[in-house]
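Subject: Structure for you to look at

Hello,

Here is the structure I said I would pass on. My notes follow below it.

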Amino acid sequence: MIRKTLFATGLLTTTLLASTACSAQPAAAGKPFKETVVADFDSPWAMTFLPDKRMLVTEKKGQMLLVSADGKSRQTVATLTVDSAGQGGLMDVVLAPDFATSQRVYFSYSTAGEGGKGVVLARGRLRPDGGGGERLGEIEALFSARPFVEGNGHYSGRIAFSPDGKYLFFTNGERQKFTPAQDPKMTLGKVLRLTLDGKPAPGNPLAAKGFAPEIWSYGHRNLLGIAFDKQGNLWEQEMGPKGGDEVNLIKPGLNYGWPNASNGSNYDGTDIPDHKPGDGYEPPKVFWNPVISPGGLMIYSGSMFPQWKGDAFIGGLSSKSLVRVHLTGTNAAKGDQWDMGARIREVEQGPDGAIWLLEDGGDSQGRLIKLTAK
């Protein structure tokens, strides 16, 4: 792809030539949407829309980009020092509930420190830089997973705000270490509920039982998507081992079983007991064998695709797919799975109800693709 790069006010601004950036493709047979390639990135991980329809996009190596609504121009608003080995990097990005007044942006990244590596929750403010651009300043780390351990996998790092805007839910993966998911003192393998300042939220369900005060639910593996639906239900998806990718309805204080229960098997072929009634573990609402390798979760609320309102959309990494899960109240069922021909890392809903995808980069391109009704 052709790029034209300008340097201004100390920020890198890149203009994508329209002839290559915005290429509409006809809807493939069986796909009820049209795909338009809007931009291309270097191993993007997450995105979010600003009120003015511009986008913030994170790239694995540590760049946070502010991208125009049409995808034709961008500027680097922050370059974060991250540990991008393996599955690490600059990860999620989400606007604060009061972004319109505070200009605060929350994000996550992996870093090295005492004991190894871990995922960090941070925030900053998006401000004019005085030269016609913008930058993310006042950056502060709010929370770090405990403990840091060796290895480059299963950081998780997804962020969701409660519907009332008072609390922040943050996912901590079990770092491919298995047993921390059941350890009450570690935040690894957990969904956490925090205040907006990154402190343990008051009233968390397990603190009185001696658990780390941040923990909301436990027994998770690699949690790469978390989102609330319009009814206030909290949905989460996570990668299983060899089989057993899951969509879970997250409820306070429950144990979701990993590594003691899974509908998959260990990579060495050894068995893991399946979820079954009475085992003390909350089973998934939906699971996949073979895996889809879920990356990114969005609950659709738009009007462009009214037939899917209220459903969940998941990016498929190894499956190179877009996956729809039909949600009805607190129940879920498998819907469509469309072959996208590339690893899909992120799924977001646009301001007009379009569905936006980010390819993973690496083995795939790192394109931003807009899906619109046929």
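The side chain of Arg 221 comes within 2.6 Å of the backbone oxygen of Gly 240. Please keep in mind that this is a predicted model.

Arg 221 sits in a loop, with strand E16 (215–218) on one side and strand E17 (222–228) on the other. Arg 221 is buried but forms no salt bridge. Glu 174 is the nearest side chain of opposite charge, at 5.1 Å, and a salt bridge would need the side-chain nitrogen within 4 Å of a carboxyl oxygen. Beyond four places in sequence, the contacts of Arg 221 include Glu 174, Gly 240, His 154, Trp 258 and Tyr 267.

At least two lining residues come from each of strand E5 (44–49), strand E9 (90–95), strand E13 (156–161), E17, strand E21 (294–299) and strand E25 (344–349).

Last, Thr 58, which belongs to strand E6 (residues 55–59). Thr 58 counts as buried because its relative accessibility is 0%, and the cut-off for buried is under 20%. Leaving out neighbours within four places in sequence, Thr 58 touches residues including Pro 44, Trp 45, Gln 63, Met 64, Leu 90 and Val 93. Thr 58 and Ile 355 are 297 residues apart along the chain, and their C-alpha atoms are 18 Å apart.

Regards

Terms used:
Residues numbered from 1 in each chain as written. Predicted model: local features only at pLDDT ≥ 70, side-chain atom pairs only at ≥ 80, totals over all residues. Heavy atoms only, no water. Helix = DSSP H or I, 4+ residues; strand = E, 2+ residues; numbered from the N terminus. Buried < 20%, exposed > 50% of the residue type's maximum accessible area, 1.4 Å probe, protein only. Lys, Arg positive; Asp, Glu negative; His and termini not counted. Polar contact = N/O pair within 3.5 Å; in protein donor to acceptor, adjacent residues only side chain to side chain. Contact = heavy atoms within 4.5 Å.
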